[in-house]
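Have the sequence and the 3D view open as you read.

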Amino acid sequence: MSLSAAAQDLVDLESARKEYATLRDAGLKLDLTRGKPSPEQLDLSAAILSLPGANDYVSAEGIDTRNYGGVEGLIEIREIFGKLLGIPAQQLLAAGNASLNLMHDVLVHALLTPVPGAERRWVDEEEVVFLCPSPGYDRHFALTERFGIRMVPVALTGEGPDMDEVERLVASDARIKAIWCVPKYSNPTGETYSDEVVRRLAAMPTAAPDFRILWDNAYAVHDLTDEQVPLLNVLEACAEAGNPDRVFVFASTSKITLAGAGVAFFGSSAANVAWLNKVLVKQTIGPDKVNHLRHVRFFGDADGVLAHMQKHRALLEPRFEAVYEVLEAELTGIATWTRPKGGYFVSLEVPDGCAAEVVRLAKEAGIALTPAGSAFPYGKDPRDHQIRLAPSFPSVDEVREAMRAVAVCVKLAVAEQAAAK
């Protein structure tokens, strides 16, 4: 029996309608749409607002951080995060406040300036195609669509993308220039790429000599359990496979310190870093080095970052537990969901054909959910079954209340679908 058939047997239509009517009359106003840090999480970094201090603006190398220059960013912050990301500091750039901004600009530069190994600019190609493991990060897909790059979805397996399909596609089509990856605690599924997947991505033959892995390691230090889930070093794997220029690594402190005032990072081979540096000097006279120094003073070293992340975990873990508590009590046998060991999201899978209706019902009842299909290229979930839940921002009690409301909406959508057949 399929999930849809089994689920429909567990839900009574009239009871579901009564529950929903009560919910709608409650006048709730709750939001589970985006993975925003809660105010309590932001408070963890309150001390950073008084750093580095009026008379503390000179870096370890004697650089006056208030002035122009240093497009590569302060060496101290690159050393701290280079250790956490497994990237030599000399192959890591520290930039502005958001990795999304950095990804946007790197794509623009790749379109307008040949990347190492390229025969020409991507904008001069007849067509450019990116592979998009799905469900994935909606903003990756929005960026790609904005630049007129065609997206091809690839299924996720629980250990990363379906590599048989990825290898087949990239080996035969030179139009395929890149693949998006959120390799650790993926948004929204929470999976971490296996060693085998990383090695296969690094070593696979590609028809395009300038193929790139866009490695958005957004949740590198965002653990939710005692288990330190390992991720193979993709930069080293690419170098060992003879493809040192294949990967562009992105990361940031946006969900570590202050989301609007963090530090973004780009890491890659020496050749790729030199390429980006060359085009960046035409774009900027340097990043916010005072902010870099502020973060250095706040953390001290890589261990300081990890200690800080334990404070985040203490705030996030109860919110995730509230999600599981309600889902298990209300939707066992009706839906399935992930239990990520890190990151910011839970992926809820409802019976096929129900996700959009669940989101619509929730909206009418005052519960904001990410639009159905958002985690797929062009916003189209072919099965209409996946909903991304983001429990970080509301309080624990609000998360529990919102999830009870979501459960009511799921049951009504499933019951209505059964009645329509």
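Start with Asn233, which sits in the loop between strand E6 (212-216) and helix H9 (234-240). Keep in mind that this is a predicted model.

What does the side chain of Asn233 pair up with? One of its polar atoms lies 2.9 Å from the backbone nitrogen of Glu236. If you skip the neighbours within four places in sequence, Asn233 is in contact with Leu85 and Gly86.

## Two cis peptide bonds

Some background first: most peptide bonds are trans. Now find Ser134 and Pro135, which are joined by a cis peptide bond with omega at about 5°. Pro135 belongs to the loop between strand E3 (129-134) and helix H6 (138-146).

Another cis bond runs from Asn187 to Pro188, and here omega is near 10°. You'll find Pro188 in the loop between strand E5 (176-181) and helix H8 (195-203).

## Two tyrosines with positive phi

Most residues other than glycine have a negative phi. Tyr185, though, has a positive phi near 50°. This residue is in the loop between E5 and H8. Is Tyr185 buried or exposed? It counts as buried, because its relative accessibility is 1%, and the cut-off for buried is under 20%.

Tyr378 isn't a glycine either, yet its phi is positive too, at about 65°. Look for Tyr378 in the loop between strand E11 (367-368) and strand E12 (386-389). With a relative accessible area of 38%, Tyr378 is partly exposed.

Conventions
Residues are numbered from 1 along each chain as its sequence is written. This is a predicted model: local features need pLDDT of at least 70, side-chain atom pairs count only at pLDDT 80 or more; totals for chains, interfaces and linings use all residues. Side-chain values use heavy atoms; hydrogens and water are left out. Helices (H or I, at least four residues) and strands (E, at least two) are DSSP runs, numbered from the N terminus. A polar contact is a pair of N or O atoms within 3.5 Å; within protein, one must be able to donate a hydrogen and the other to accept it, and residues adjacent in sequence count only if both atoms are side-chain atoms. Contact means heavy atoms within 4.5 Å. Buried means under 20% relative accessible area, exposed over 50%, partly exposed in between (1.4 Å probe, protein chains only).
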